[in-house]
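Morning, everyone. Let me put the structure up, and then we will walk through it.

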Amino acid sequence: MTTATRQEVLGLYRSIFRLARKWQATSGQMEDTIKEKQYILNEARTLFRKNKNLTDTDLIKQCIDECTARIETGLHYKIPYPRPVSVTPVNKCWVLTLINLVISRNV
């Protein structure tokens with residue numbers, strides 16, 4: 001790992017801990033805030049420890065991008081958890097067809 005990459009990774013790690021320190025749950029409940037802060041810290045520690053021995057630069061870059069995306073998603077949507085995968089257009093069409101079928105039968 002290059003010095004620049006190492007500094008970037010350490011910067012992300014520090015920013016996650018700063019984020020956790022300032023985190024407030026959207027519910028406003030103190031117990032929710034504590035749980036979400038703990039989740040952020042545990043998730044960061046687990047993933048960084050899991051990936052600490054990576055040597056492939058492409059894989060390291062992918063992990064950095066994922067980390068950055070999760071930070072931005074958390075800040076934007078105010079949720080500490082990974083965002084669920086979106087429904088694909090094919091599945092979306094199937095769901096809409098199914099809903100229309102159910103509605104038409106109930107009318």
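Start with isoleucine 79. Isoleucine 79 sits in the loop between helix H3 (57-77) and helix H4 (89-106). Helices here are DSSP runs of H or I, at least four residues, and strands are runs of E, at least two, numbered from the N terminus.

A word on the source. This is a predicted model, where local features need pLDDT of at least 70 and side-chain atom pairs count only at pLDDT 80 or more, while totals for chains, interfaces and linings use all residues. Residues are numbered from 1 along each chain as its sequence is written, and side-chain values use heavy atoms, with hydrogens and water left out.

Back to isoleucine 79. Together with Tyr77 and Tyr81, Ile79 forms a nonpolar patch on the surface. The accessible area of the three together is about 260 Å². Such areas come from the Shrake-Rupley method with a 1.4 Å probe, and for residues only the protein chains shown count as cover. Patches are made of residues with over 30% relative accessible area and no salt bridge; like charges are joined within 9 Å, and nonpolar side chains (Val, Leu, Ile, Met, Phe, Trp, Tyr) within 5 Å.

Most residues other than glycine have a negative phi. Lysine 78 counts as partly exposed, because its relative accessibility is 45%.

Proline 80 is also in the loop between H3 and H4. Proline 80 is buried, because its relative accessible area is 14%. Now look across the chain. Glutamine 24 and lysine 78 are 54 residues apart in sequence, yet 8.4 Å apart in space, C-alpha to C-alpha. Glutamine 24 is in the loop between H1 and H2, and counts as exposed, because its relative accessibility is 55%.

Next, the overall fold. How many helices and strands are there? The protein chain has 4 helices and 0 strands. From the N terminus on, the order is α-α-α-α. The chain has 107 residues, and 18% of them count as buried.

On to another loop. Aspartate 56 is found between helix H2 (30-50) and H3. Aspartate 56 is partly exposed, because its relative accessible area is 42%. Aspartate 56 and methionine 1 are 55 residues apart along the chain, and their C-alpha atoms are separated by 8.4 Å.

Now the salt bridges. There are 2 of them. A salt bridge here is a side-chain nitrogen of Lys or Arg within 4 Å of a carboxyl oxygen of Asp or Glu. One joins glutamate 43 and arginine 70, with the closest N and O atoms 3.1 Å apart. This pair links distant parts of the chain: glutamate 43 is in helix H2, arginine 70 is in helix H3, and they are 27 residues apart. Glutamate 43 is partly exposed, at 22% relative accessibility. Arginine 70 is partly exposed too, at 25%.

Another joins lysine 61 and aspartate 65, with the closest N and O atoms 3.2 Å apart. Why are these two separated by about one helical turn? Because they are 4 residues apart in helix H3. Lysine 61 is partly exposed at 43% relative accessibility, and aspartate 65 is partly exposed at 38%.

Last stop, the largest pocket. Its volume is about 680 Å³. A pocket is found on a 1 Å grid over the protein atoms alone: an open set of points where a 1.4 Å probe fits, with protein on both sides within 12 Å along at least five of seven lines, and lining residues have an atom within 4 Å of a point. Grid points are joined across faces, edges and corners, and the volume is the space filled by probe spheres set on the points. The lining has 33 residues, and Ile16, Ala44, Leu47, Phe48 and Cys67 lie nearest the centre. Helix H1 (3-22), H2 and H3 each give two or more residues to the lining. H3 gives the most, with 9 residues.

Notes
Buried means under 20% relative accessible area, exposed over 50%, partly exposed in between (1.4 Å probe, protein chains only).
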